[in-house]
Amino acid sequence: MKTCFHCFGQYGDEFFVCPHCGTIYQPEPKEQIYLDPGTMLANRYLIGESIGAGGFGVVYRAWDYKLETIVAIKEYFPTGIVTRAKGNPELIVLGKRRDEYEYRKKRFLLEARSMAKFGKHRNIPNVFEFFEANQSAYIVMELLEGIQLNDYVKDQPDGRVSVDFAVYLANEVGMALQSMHEASIIHRDVAPDNIFLCEGKDRRIKLMDLGAAKIENSSDDVIDLCMKVGYSPVEQYDEIDNFGPWSDIYALGATMYFVLTGMKPYESTSRKKEDLLQDVNVLNPEVSENLNNTIMKAMAVNANDRFKNIPDFLKAVNGERRVLSLAKEKRKKRLKVIVGIGAALMAVAAILAFSLSKYGEKRRERYLRSAAIEVWFCRDAEHPLEEQALNSIVENFQSQEGYGQVEVQLRSFEDRDEYEEALEKAAEEGTLPALFESTGISNDVLIKAADAGKVISEAKECSFFSQYESYYEDHKRIPLAVEVPVAYVLTRGAEDDEYVISYEDEYFDGSTFNKNVFYNRQDRELLDENDLLDNAEVFDASKNNWSVVYAASVSYSEIRQALADKWFAVKMIFFRDESIKSAFTYEWSIGSGSKDEINAAEHFAAWLLGANAQVNLLGGTGMLPVNDSALDQRTRDDDAWIPIMEIKDQLVFEED
């Protein structure tokens, strides 16, 4: 039997073309120095054909025997530094270049770790595993089918894309960059050849190649210059420690310039001497003045003239913020300076005194004093990755400027009763941990907790908190998630089983959502919960047109667990009304300690409300984040949650 090294189907030796996909049988690698098709890696991955190569790596199609699916494997292969003998998977390091080889390999593995942080982010390739073997290193990731952006633009009839597509592109890549920046990672290599358009109706766009990424404000010694003519800002040529989100914004702006005009922008260093770059709307009249000003501001040679963060840039791209041309903006700044000089001179003494007093105050706020805080939580059986996610969040928190002197110690409990008893005892003794998970905890404990109002008032990205006062009168809890009523519709899941249930379906009146019952749509009778959860086979699988409905909340997971190995299909239907009673959940509280410890606990609690922490902590659950950006990302990552955004303004939070 032969194996097709494209689709990995098997067929008879007498055939030379795969009957499954039509690929000609090719047992030899495209280049002699590549891995031979049929090579096995890590006793799990069967190497197939090579599908791409660059200066530091080769990408192969591969078959994952464990997951029984096709994946992409990127091999560390720095051109000019290594070679390979035909038929031997081991790399050979050339001459005296061992140090450079190890240096580059460390960067390659840093790329893998950077990508792996983002799990199943819609706009970043999903990394499953990375490992070292054959004197090389390998990154196993999802296989993407589609086309690079630069090739896509070249294929367009007029060599450029529509304005609508360019805006969509900026939003998709911007979401990836925003998540990276929130994790203090700067991409440094945003360009059309690193943006991939995936096949499929959902038009996913992936930001590729994190090999040049850098941890912002880190002392990482595995960092080198990264320049791409036309797309890299001047700071990537001049100072390796001067980049930040504004550097990626320049590159994304340059990418928009290219796709809208079909022309690569002039190199930033040449623009520094004399800026001859034409406006976008001069080359493409379909581009509005505001979008033109947005792109040119993003591409400003001077970093101080650019947008400082992705959200501000995307607001301008989407027309939610008016942007002046760079020339007008500079004139406006100069006028402000001239007008302000007189007033500043008159008030200089008062301002100086006030500034000096505030400087120490602000510095104390930003730079936390040395403190060791305990964070208690009970491990949730429905959320097995909770502890792993919290460890990652703690590591990220401590890496931020001014937070490194705070030691965060996680303490987990397996048994809920034991956890509650430990908290009750600590409350009695006045030794509550600085921060603890408090969902369902008694008021005897919460009465000893500190006021959480400061954390809530500063959570600007959590619009649900506008209803916090009506839900929590005591200000003792900080919710990280919300629960929304939903109906789980369970069907036989056969290919010919068609069911479409709208919001107006007669079986979804408001009363349904106040009962934990099953409803057999065919026989119109209520069923006992155990009929499904304990004995899923009770239903007649030979009947085509039936469904079962269970009313619950979005975080309810027993159904998914009970049906994990069954033949049911599950669809969520969200209730729609002018006001939908919902609930805050996954609550945390601030306990006791010194002033510095409480201050550190408040900052860590605020960190848990950030978009990146919310995505990491809630990504594997049915709970919905309170952070607006994280909630938006949840709906982008999974179409099943899209209705949440449609009914978001109708959610009403009342504790009873």
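Reply: Contact here means heavy atoms within 4.5 Å. One caution before the details: this is a predicted model.

Let's start with the histidine. His181 sits in helix α3, which covers residues 163–182. Leaving out residues up to four places away in sequence, His181 touches Ile186, Pro245, Asp248 and Ile310. Is His181 buried or exposed? Its relative accessibility is 13%, and buried means under 20%, so His181 counts as buried.

Now for the helix pairs. Take α20 (residues 611–618) and α21 (residues 628–637): they pack at an angle of about 45°, and their axes are 8 Å apart. That angle makes α20 oblique to α21, and their crossing is right-handed. On the α20 side, the residues that meet α21 are Ala611, Gln614, Val615 and Leu618, and their partners in α21 are Ser629, Ala630, Gln633 and Arg634. Sorted by class, this contact has four nonpolar, three polar and one charged residues.

The other pair is α12 (residues 386–398) with α19 (residues 595–608). Here the axes come within 11 Å and cross at roughly 115°. This crossing, of α12 past α19, is right-handed. From α12 you get Leu390, Ile393, Val394, Asn396 and Phe397, which meet Ala600, His603, Phe604, Trp607 and Leu608 of α19. By class, the α12 contact with α19 has eight nonpolar and two polar residues, with no charged ones.

Last, the aromatic rings. Counting rings of Phe, Tyr and Trp as a pair if their centres lie within 6.5 Å, the model comes to 24 aromatic pairs. One of them is Tyr586 with Trp588: the ring centres are 6.0 Å apart and the planes stand at 70°, so this pair is edge-to-face. Both partners are worth checking for accessibility. Tyr586 has a relative accessibility of 7% and counts as buried, and Trp588, with a relative accessible area of 1%, is buried too. Elsewhere on the aromatic theme, Phe464, Phe465, Tyr468, Tyr471, Tyr472, Phe584 and Phe653 form one aromatic cluster.

How values were computed:
Residues numbered from 1 in each chain as written. Predicted model: local features only at pLDDT ≥ 70, side-chain atom pairs only at ≥ 80, totals over all residues. Heavy atoms only, no water. Axes fitted to C-alpha atoms, helices over the stretch in contact; angles between N-to-C directions. Helix = DSSP H or I, 4+ residues; strand = E, 2+ residues; numbered from the N terminus. Parallel < 35°, antiparallel > 145°, perpendicular 65-115°, else oblique. Left-handed = near helix turned anticlockwise from the far one by under 90°. Nonpolar A, V, L, I, M, F, W, Y, C, P; charged D, E, K, R; others polar. Phe/Tyr/Trp six-rings, centres within 6.5 Å; stacked < 30°, edge-to-face > 60°. Buried < 20%, exposed > 50% of the residue type's maximum accessible area, 1.4 Å probe, protein only.
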